[in-house]
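Here is a friendly walk through one protein chain, from its overall build to a few of its contacts. Keep the structure open beside you as you read.

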Amino acid sequence: MPRDGAGCVLVVGGTAGMGQQLARHFVDQGRELVLSSRDAERAKAVAAELGGGARGIGLDLARPEEIAGRLEGVGRVDHLVLVAIDRDDNAVADYDVARATRLVTLKLVGYTETVHALLPRMHDDSSIVLFGGLARDMPYRNSTTITTVNYGITGLMHTLAVELAPIRVNAVHPGVVGDSPYWSERPGPIRERWRARTPTGRLATMEDVVDAVVFLLENRSVNAVDLRVDGGILLLL
């Protein structure tokens, strides 16, 4: 439950999939919630659907020069979750510089500028979670940009944990999340192949990832941790 004088939880990329599940969790907990989308009207609509006084704002992390202005109406921040991603299926042999630049800008420059803009509104007990992904440790065909960027998330998490101390900064790296919008649309045999390669015998769920993020945000002794939520899939490779 919120403390007296508590600030908000800000979920950047909170209108779909994992971000929306996180937003719903904090609304259900009675927290003041701000969520963002590149489309301000969508953010407002999702916030209205969630209820509980949730508020939606427009924010495009790939346009970092606009971030500070977009966040001006956000007050004291207890927890910041940077979920926003872009999928970049980008082969080196046929490299699309514009797509690669957008992804790098969004996840590294955009994440960092968001923290920079909000830092005066954070406090010693604030915490931040950055989203990476399984591609960091399991590169696949055409994943060069996203694999590199997800390694960058680890580096960003480490340096922010030092620079922002005592504010805690952690990162979560979801694996194959079977009930996410992306993976639930993949053919059943593809999901089954991944499930069979996972020691737990089950794919991660969005609820599993939400639990992991809440743990990283709220456990006051967890800092500078890269947490994979993948059922231990790397053990069977």
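The radius of gyration here is taken over C-alpha atoms, and the rule for a globule is 2.2 Å times the number of residues to the power 0.38. For the 237 residues of this chain, a compact globule would come out near 18 Å, and the chain has 17 Å, which agrees. Do bear in mind that this is a predicted model.

**The chain as a whole**

- The secondary structure comes to eight helices and seven strands.
- Along its principal axes, the C-alpha trace spans about 50 × 40 × 35 Å.
- Of the 237 residues in the protein chain, 50% are buried.
- Among contacts with a separation of 6 or more, 69% involve residues 24 or more positions apart.

**Helix α1 against helix α8**

- Helix α1 covers residues 17-28 and helix α8 covers residues 206-218; their axes lie 10 Å apart, and the two helices pack at an angle of about 60°.
- That angle makes α1 oblique to α8, and their crossing is right-handed.

**Helix α1 against helix α2**

- Helix α1 also pairs with helix α2 (residues 40-50): their axes come within 10 Å and cross at roughly 40°.
- These two helices, α1 and α2, are therefore oblique to each other, and the crossing of α1 and α2 is right-handed.
- On the α1 side, Q20, A23, R24 and V27 take part, and they meet V46, E49 and L50 in α2.
- The contact of α1 with α2 divides into four nonpolar, one polar and two charged residues.

**A closer look at I67**

- You will find I67 in helix α3, which runs over residues 67-70.
- Is I67 buried or exposed? With a relative accessible area of 0%, I67 is buried, because buried means under 20%.
- Setting aside neighbours within four places in sequence, I67 is in contact with L59, D60, L61, G110, E113 and T114.
- I67 and L118 are 51 residues apart along the chain, and their C-alpha atoms are separated by 9.8 Å.

Conventions:
Residues are numbered from 1 along each chain as its sequence is written. This is a predicted model: local features need pLDDT of at least 70, side-chain atom pairs count only at pLDDT 80 or more; totals for chains, interfaces and linings use all residues. Side-chain values use heavy atoms; hydrogens and water are left out. Axes are lines fitted to C-alpha atoms, for helices over the stretch in contact, and angles run from 0 to 180 degrees between N-to-C directions. Helices (H or I, at least four residues) and strands (E, at least two) are DSSP runs, numbered from the N terminus. Angles under 35 degrees count as roughly parallel, over 145 as roughly antiparallel, 65 to 115 as roughly perpendicular and the rest as oblique. A crossing is left-handed if the near helix is turned anticlockwise from the far one by less than a right angle, and right-handed if clockwise. Buried means under 20% relative accessible area, exposed over 50%, partly exposed in between (1.4 Å probe, protein chains only). Contact means heavy atoms within 4.5 Å. Ala, Val, Leu, Ile, Met, Phe, Trp, Tyr, Cys and Pro count as nonpolar, Asp, Glu, Lys and Arg as charged, and the others, Gly among them, as polar.
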